Amino acid sequence: MQVFGTIITGIGAIFLFLGSLGILRLPDVYNRLQAGTKCTTLGAFLTIVGVGITQPDWLPKTLVIALFILITNPISNHAIGRASCKSGVPLCDRSVVDKTKEFEECKPLQDELEQNEETQ
Amino acid sequence: MEFNMSENVFLTIIGLAIFLCLLRMLKGPTASDRAVAVDTIATITTALLVLLGFIFGRYVYLDVALVYAVLTFIGLVAIARFLEKGI
């Protein structure tokens, strides 16, 4: 059981390192958000649960901490992404599509269509 | 309190991860980059606190990690609202 928990903790530590490597290397706020959120959530979850498996007395409280991270980390990162999109942080040069910009451009047309339907 | 080999390796890997995020926090072109780096550092620190509690054999560190996670979440939502000019 101890060996199993140590292996899981090691996998979590490697995921944490890869996530922060992505934060250093990727070109854009949104790419960095993606690397940071996914790798860090899985890495922290595996590290904490691995400690709980190694020491079975601590398992309930470590599971509480891990579930809390699993719920709140994507929420806070999504809030930061939404804020940076609304405050106008640009995409990088190589990005292909920008759906929010397209939505903003075609929004007046949709409003006109809805008004025409209402008048008819 | 004696370190064995695997705990040394884990602490080194996690320390390197925090160092890379710190570089991005110093470099980052916009405020959002710095906010993302701080968020990642905070999550890594929560995992590090649990690991340190296991190494030192102290149960109290789990409570510290739980409170740290809650405060980090609240603070980052506040930072996001501030970047959105909503406060």
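Biologist: In this predicted model, how should I read the meeting of helix 1 (residues 2-25) of chain A with helix 1 (residues 5-27) of chain B, and at what angle do their axes cross?

Modeller: One looks at how close the two axes come and at the angle between their directions; here the axes come within 8 Å and cross at roughly 15°. Angles under 35 degrees count as roughly parallel, and therefore helix 1 of chain A and helix 1 of chain B are described as roughly parallel to each other. The crossing of helix 1 of chain A past helix 1 of chain B is left-handed.

Biologist: Which residues of helix 1 of chain A and helix 1 of chain B meet?

Modeller: From helix 1 of chain A the list includes Gly10(A), Ala13(A), Phe17(A) and Leu24(A), while from helix 1 of chain B the residues include Phe10(B), Ile14(B), Leu20(B) and Arg24(B). Sorted by class, this contact has 15 nonpolar, five polar and one charged residues.

Biologist: Turning to chain A as a whole, how many helices and strands does it have?

Modeller: Chain A has four helices and zero strands, which gives the pattern α-α-α-α when read along the sequence.

Biologist: What does the radius of gyration say about chain A?

Modeller: The value is set against that of a compact globule, which for 120 residues would be near 14 Å, whereas chain A has 21 Å. Along the principal axes, the C-alpha atoms of chain A fill a box of roughly 70 × 35 × 20 Å.

Biologist: What share of the residues of chain A count as buried?

Modeller: Of its 120 residues, 36% count as buried.

Notes:
Residues are numbered from 1 along each chain as its sequence is written. Chains are lettered from A and ligands numbered from 1 in the order in which they are written. This is a predicted model: local features need pLDDT of at least 70, side-chain atom pairs count only at pLDDT 80 or more; totals for chains, interfaces and linings use all residues. Helices (H or I, at least four residues) and strands (E, at least two) are DSSP runs, numbered from the N terminus. The radius of gyration is taken over C-alpha atoms; the globule rule is 2.2 Å times the number of residues to the power 0.38. A residue is buried if 20 or more other C-beta atoms lie within 10 Å of its own, exposed if 12 or fewer, and partly exposed in between; C-beta atoms are placed from the backbone. Axes are lines fitted to C-alpha atoms, for helices over the stretch in contact, and angles run from 0 to 180 degrees between N-to-C directions. Angles under 35 degrees count as roughly parallel, over 145 as roughly antiparallel, 65 to 115 as roughly perpendicular and the rest as oblique. A crossing is left-handed if the near helix is turned anticlockwise from the far one by less than a right angle, and right-handed if clockwise. Two residues are in contact if their C-beta atoms, placed from the backbone, lie within 7 Å. Ala, Val, Leu, Ile, Met, Phe, Trp, Tyr, Cys and Pro count as nonpolar, Asp, Glu, Lys and Arg as charged, and the others, Gly among them, as polar.
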